[in-house]
Amino acid sequence: MSTSRLREILKTFRRNPLGVVGVSILCAFLFVTVFADVISPYDPYERVGKPFEKPSTTHLLGTNDIGQDLLSEMIHGARISLGLGFVAATIAMTIGTVVGVVAGYAGGIVDTILMRMVDIVLVIPFLPLMILLAALLGPSFWNLVLVLSVIIWARPARVIRAQVLSLKERGHVVAARSTGGTVAHILFHHVIPAVLPLSLAQLILATRTTILIEASLSFLGLGDPISKSWGTILYYAQARSAFLTGAWLWWILPPGLLISAAVLGFAFTGYALEETVNPRLRGRR
Amino acid sequence: MTEIGALLKLRDVSTSFFIDQGEVKAVSDVSLAVRRGEMIGLVGESGCGKTTLGLSIMKLIDAPGRIIGGEIWLNGVDLMQKTEKEMRRIRWKDVALIPQSAMNALNPVFKIGQQIVESIRAHERVTTKAAWSRTKELLDMVGIKAERVRDYPHEFSGGMKQRVSIAMALACSPELLLSDESTTGLDVMTEAQVLGLINELQSSLRMAVILISHDLPLVLDISDSLAIIYAGKLVELAEAKGFAARPVHPYSQGLIHSIPRIHGEQETCESIPGSPPDLIHPPEGCKFHPRCAFAEPVCGEDEPELLEQADGRLAACHFAERFGGRGDVQS
Amino acid sequence: MRKFLLGKILQYAIVMAVVVSLNFLLPRLMPGTPIEMLGGEGVWLLSQAERDAITAKHGLDKSLGQQYIQYLANLFRGELGHSYNWGQPVGQMIAKRLPWTLLLTGTALILSTSFGILLGTFASWRRGKKSDILSISASMTVSSMPSFWLGMVLVAIFAVQLKLLPVFGARSPWTDYTGFRLVLDVLEHLILPVTSLVLLTLSGNFLLMRYSMLDVLGSDYVFMARAKGMTEGAVVYRHAMRNALLPMATAFMLNVGFMFSGAIVTETVFAYPGVGRMMYEAALARDYPLLQGAFLVISITVIGANLLSDFLYPLLDPRVRRPSREH
Amino acid sequence: MSNPKAVTHDHLVDVIDLKKVFETRSGMLTRAFSRDRQPVRAVDGITFHIDAGEGLGLIGESGCGKTTTAMLLLRLIDPTAGQILFDGLDLTSMNTRELRPVRRRIQMVFQDPYESLNPGKTVSSLIGEPLVVHRLTSGRRDRESRIAEIMEQIGLVPTEEYLKRFPHQLSGGQRQRAAIARALVLEPVFLIADEPTSMLDVSVRAGILNLLQGLRDEMHLASLFITHDLALARYMCERIAVLYNGKIVETGEREELLTNPIHPYTRALIAVASSLSDFWARKQEMITELDTDWIQLPEGCCRFHPRCPHEHGDCENREPDLVEVGPKHWVACHRT
């Protein structure tokens, strides 16, 4: 992508209030993730208090059923939840972009086969399939990443294929072909640079989805029970029936709000970026 | 160009669009009269305001646009004084529109018959049965078999959809018909047939027709008079007959000179230098002077008025009589 | 038209084949021995003879091809195996639970779609106004919340703290209500789970309807309807909304699958006796036959719903119902 | 035109019986299940030639196959049958790699300058791209001087002002000039122009036309000028070929064709372009009023016969061949 196009995108993006809010939220989470060890008051894996303690000055959000500090758990949870979501989304996006570009540009039978695959993945209800996969594979960070990316790639692949298809018929790509440019030249100079901003927007929107699904899977007890993601915290809260007591205020509410805030950050950024790079969507708001 | 007994009279109509960058003066101070049974061509380049002017007549200007001044007299009634509800009665009954893209102007989920019937029933107290039978007559008039009344728009070709649009425009026998680039994008043969149909219906029904077009030779060929618009201003208003030989305004001259001919001596065409002005910050004085070969200092200071010339035509140029007197502009 | 439907049937047949095959292949392709997948984790506590019996029962000693044929034959007879945990036939267990899930997801689907259409239309009218921007932000915020968490918070507030609604289940335990009283009881238990499912999909429907409406309101045929002097009501409801509903029909299909995914977590939170909660329990207990059976039934239901809506779509869109003779 | 069937090498471009059939796009499975597939014969056996330095105008309505012809000549799509000989080379039998050096010598100016320039690239990189693709210049400085040179030639001056601009910072006319520069920087011998002025404002069209004419003389370019406007073809080309429904129905030198048209379709076209009111008056004898959809006719009949106002004799049973009726004047009509 040329620098001026980038600059232009940035300029339009900055005028979008949603985008600014989204990026600010994401920056805050990035800070927490990087400095989790410094910020959190305790080691989340140590039993530092009595079980089921109410919030106090020593434990701002109380303790869980085995006496671990909830606030520290949540701060460290950002690493697992966001990290896992981002890694899975990146892998899914890479697959999606490659499939989209190949299907769109190659056309013909390759396109037909790849797109039928996309249709199949999109029709199968995703959570049941994920539960089946996760149950069969067993809980671990990388198994979750695998399960998530196997499902998520399909939607971006379809979006990017549509973009490549319209790009292929666009005058300037046809013109580049007529001057005798090779397939590689056209892909790398005309198609991929035009698709990348959209890929990026899709990556951010996909991260939103992976974070939510990871939380659901962990909540169902299909995540890695050792590592503390926000979903895992809620799994234990549910298992210990925290919502039947006053503990829901500090054990259930905060992790959910954190998930919502992170997802909202990705959603705002993603929508704003999509609107900036995809002229068809401009004026959607 | 007499205004007496005119069906439509526009006086100093101005329409602007208010966007983030400022006020786009799409139409400024246009005065115009159209007689019953007259076909007048509104000619200009893209973005000159000709469509905006046409839609202003029907008061169909949407936000961020607004008609900011002037009078629109149709049949002795000033439309500017009418509320939106009253306008709804006037639209289609008194003035109808054949839109630019008939492809998209018909609702894809309704049968063409339904769409014509609903426009009849919106204005007249007739039974459904009467409305359907009139719809069939209308379709027959534009050369579409009556049995196709229950077909959907996507089942017609481009030229036929345009005919359906014409039938729809005639549904309430309007006195004034606006045709907004209604044949642009059609094939030459189809265009010839559609325009022929409009022409035929106009004389048999004694309608006034405003033909909005960018195609000067075509307008010269078929209309009675023409109005040339540049940057939202009327620059010349004249009889179509003989206009090609004696355009007065330098912009009209430029247009005539830029078009190759199919018969006669082939002359070198010349384009008009520069490009149309930005309508947010139009030039001072005559809006054409930055591109005009004959411009003098006064042109950049005073805006010329649209004045009657010796032969009855109107032109907005400080040196109109100079060009008007010249019979040798183009042989 | 027939071509369109034929194509659709074919397409879904392929999806079905893939789902059925996946269900067969996954446990056999996973690392570890398939016997553990099919016999449960406790299989290693059994004697060699018992293990051989399980191997023989599932035909694990035969070739993959023969196993597949056996599997298909069983499936065709509606035999999904026995739950390793409960010992009951999987088919029967699912049949008992499915109506509850259908009630839950069906209600939520209808409510979410209708509200989405109403709110989206309203917001498109007030485009760019404060209430429009507010409703967009609100809907995005709600859609960012994990649905199971929303469910937990709803329970904590409305059931536990305010004691307005029941905490869990589909009916009050130890009661034998009949008639109208039963209906009321079921409805009461339905409110919270349906709300959390509706909130899960509402914002998507709302944003789509609003975007679709804006798109249509800017179209030439809506402009023409106004030029024809139609009343504002006829323009919006007759001309615009009819067309804006077309993309909603497609979204409705996608939502069917989405609802079933949502039902798993929602039923878990509310201890609702549907297939979703059963699948969750099966996953926790590593009860593979039950898990696979539930997966298969949910997939078939979703595919069936998709096929149904594809068959109904032509009624909405004449371009599909009566394709033009040209091209 | 010499005998259309004979292969001659004295022309720069020889197109012989070129055909392109488009299969209707549908999945292979749906295709297996349905019988009503209809191939579209977009270009159906056209034959023409262009000499070095000569301009041929290809006239026709939209959908008649004129843009398909251009795409075929550039081998952007593959022909179904027929031959394209360029400077003695058979383009139809070449693969992509062999075509690359040939493509340098055949260039095209597209209809829409708003579309044909990559919006993310500057004028200088747009004009320089073909040089990079064909590795024609040694180093950046060489390339930049070549770019400046061609920009002066096509009138984007002062060059410094335009070099770093993006397409959206140019007017329509300037964009089309940049597109022309891009085509001519490779110094082709054959230029295809597909309606190069139809998207431009009337007042700037003549500038582009005159520029193209000047460059043709200067560079001794052969050109194929595609348009629906007879007056434009007359202005730009020495010879004109009229295309109807995938077939050439008449071809001849411009004044001869315009003053002495023989095919009923050519006559109708000229009548429409000359005076609509005259055309309406004589419409009955010019053309049968019919929906202008491209009706897919069975093979082996005159493509025009459903709209032809004259008696149909052989027209429904036999396809007319191009017959020479005067010097360089060929017509495909049974009535000649």
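The structure is a predicted model, in which local features need pLDDT of at least 70, side-chain atom pairs count only at pLDDT 80 or more, and totals for chains, interfaces and linings use all residues. Residues are numbered from 1 along each chain as its sequence is written, chains are lettered from A and ligands numbered from 1 in the order in which they are written, and side-chain values use heavy atoms, with hydrogens and water left out.

The model scores ipTM 0.80 and pTM 0.81. Confidence per residue is given as pLDDT, the predictor's own estimate on a scale from 0 to 100. Chain A averages a pLDDT of 83, and 95% of its residues score at least 70. Chain C also averages 83, with 93% of its residues at 70 or above. Within chain A, the lowest mean pLDDT among the elements belongs to helix 1 (residues 3-14), at 71. The highest belongs to helix 4 (residues 70-106) of chain A, at 90.

Contact here means heavy atoms within 4.5 Å. Five pairs of chains touch, and the pair with the most contacts is chains A and C. Chains A and B do not touch. Their nearest C-alpha atoms lie 13 Å apart.

Helices (H or I, at least four residues) and strands (E, at least two) are DSSP runs, numbered from the N terminus. Chain C has 13 helices and zero strands. Its C-alpha trace spans about 85 × 60 × 40 Å along the principal axes.

In chain A, helix 7 (residues 141-152) packs against helix 10 (residues 183-219) at an angle of about 130°, with the axes 11 Å apart. Axes are lines fitted to C-alpha atoms, for helices over the stretch in contact, and angles run from 0 to 180 degrees between N-to-C directions. The two helices of chain A are therefore oblique to each other. Angles under 35 degrees count as roughly parallel, over 145 as roughly antiparallel, 65 to 115 as roughly perpendicular and the rest as oblique. Helix 7 of chain A passes helix 10 of chain A in a right-handed crossing. A crossing is right-handed if the near helix is turned clockwise from the far one by less than a right angle, and left-handed if anticlockwise. Helix 7 of chain A contributes Leu144(A), Leu148(A) and Ile152(A) to the contact. From helix 10 of chain A come Ala206(A), Thr209(A), Thr210(A), Ile213(A), Glu214(A) and Leu217(A). These residues divide into six nonpolar, two polar and one charged. Ala, Val, Leu, Ile, Met, Phe, Trp, Tyr, Cys and Pro count as nonpolar, Asp, Glu, Lys and Arg as charged, and the others, Gly among them, as polar.

Chain D holds another helix pair. Helix 4 (residues 123-133) and helix 5 (residues 139-154) of chain D pack at about 115°, with their axes 10 Å apart. They are therefore roughly perpendicular to each other. Their crossing is right-handed. Helix 4 of chain D brings Val123(D), Ser124(D), Ile127(D), Gly128(D), Leu131(D) and Val132(D) to the contact. Helix 5 of chain D brings Arg143(D), Arg146(D), Ile147(D), Ile150(D) and Met151(D). The contact residues comprise seven nonpolar, two polar and two charged.

Chain D also contains an open sheet of four strands in the order 2-1-4-5, with antiparallel pairing. Two strands pair if DSSP finds at least two bridges between them. The edge strands are strand 2 (40-50) and strand 5 (89-90) of chain D, each pairing on one side only. Strands 1 and 4 of chain D pair over five bridges. Asp14(D) has Leu85(D) in strand 4 of chain D as its bridge partner. Leu85(D) in turn is bridged to Asp90(D) in strand 5 of chain D. Strand 4 (residues 81-86) and strand 5 of chain D pair over two bridges. Phe86(D) stands opposite Leu89(D) of strand 5. Two residues separate these strands in their hairpin, where Asp87(D) takes a positive phi near 55°. Helix 2 (residues 66-73) of chain D lies across strand 1 (13-22), strand 2 and strand 4 of chain D, running at about 65° to strand 2.

Most residues other than glycine have a negative phi, and most peptide bonds are trans. Arg135(D) is not a glycine, yet has a positive phi of about 45°. Arg135(D) sits in the loop between helix 4 and helix 5 of chain D. A cis peptide bond joins Val157(D) and Pro158(D), with omega about -5°. Pro158(D) lies in the loop between helix 5 and helix 6 (159-163) of chain D.
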